[in-house]
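This report is for a reader who is meeting the structure for the first time. Please keep the sequence and the model in view while reading.

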Amino acid sequence: MKKIFSASAMAAMAIMLSACCAQPELDGTWTVTSVAGEQVSLPDSLAEATPFIRFDSAEGRIHGNSGCNIMNGAYTQDGSKLSFTGVATTMMAGPQELMELESKVLNAVNNAASVKETSEGQIQICDAEGNVVMELSMQAEETPAVTEGQAEAAEETAEE
């Protein structure tokens, strides 16, 4: 009985270790939900400026919005290790609220050392000390907009 329990405990431990060290899947567009320990909450008038990062693992590139500006650069992921390089932004000014948010986002990107997935399906980007500097949520897949012609064709088909 002890051998069965030991084997079961070892198997469970191996599964837990592989899960915590697994490489989170980053491909796609992620909305920044918190940065520097603060939730990102913008008024409706600034909602289009919500920061996001789109990861492209095939190219090792990122594209996104840091608040006021567009950012582009490269990233490297090795298991849970994550680093960004050559990140450049446009140089637009914006409302003070967005400028402060952008500063925090870019600081988090510059200090990134690791990434982990949460049980809620979010990812957390951490600094070298393991402190969470930014949390992101995967954006839902956008469905293509139906054109007016497609809508009319669908109505005609439904009427027949």
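A contact, as the word is used here, means heavy atoms within 4.5 Å. The model is a predicted one, in which local features need pLDDT of at least 70 and side-chain atom pairs count only at pLDDT 80 or more, while totals for chains, interfaces and linings use all residues. Residues are numbered from 1 along each chain as its sequence is written, and side-chain values use heavy atoms, with hydrogens and water left out.

## Thr33 and its contacts

Thr33 belongs to strand E1, residues 28-35 (strands are DSSP runs of E with at least two residues, helices runs of H or I with at least four, numbered from the N terminus). Leaving aside residues up to four places away in sequence, Thr33 touches Glu38, Gln39, Val40, Gln122, Glu135, Leu136 and Ser137. Its relative accessibility is 17%, so Thr33 counts as buried (buried is under 20% relative accessible area, exposed over 50%, and partly exposed in between, with a 1.4 Å probe and protein chains only).

## The salt bridge

Glu38, one of the residues that Thr33 touches, forms a salt bridge with Lys104, and the closest N and O atoms are 2.9 Å apart (a salt bridge is a side-chain nitrogen of Lys or Arg within 4 Å of a carboxyl oxygen of Asp or Glu). Because Lys104 lies in helix H2 (residues 96-110) and Glu38 in strand E2 (residues 38-39), the pair ties together parts that are 66 residues apart in sequence. Glu38 is partly exposed, with a relative accessible area of 44%, and Lys104, at 28% relative accessibility, also counts as partly exposed.

## Glu25

Glu25 is found in the loop between helix H1 (2-21) and E1, and with a relative accessibility of 53% Glu25 counts as exposed.
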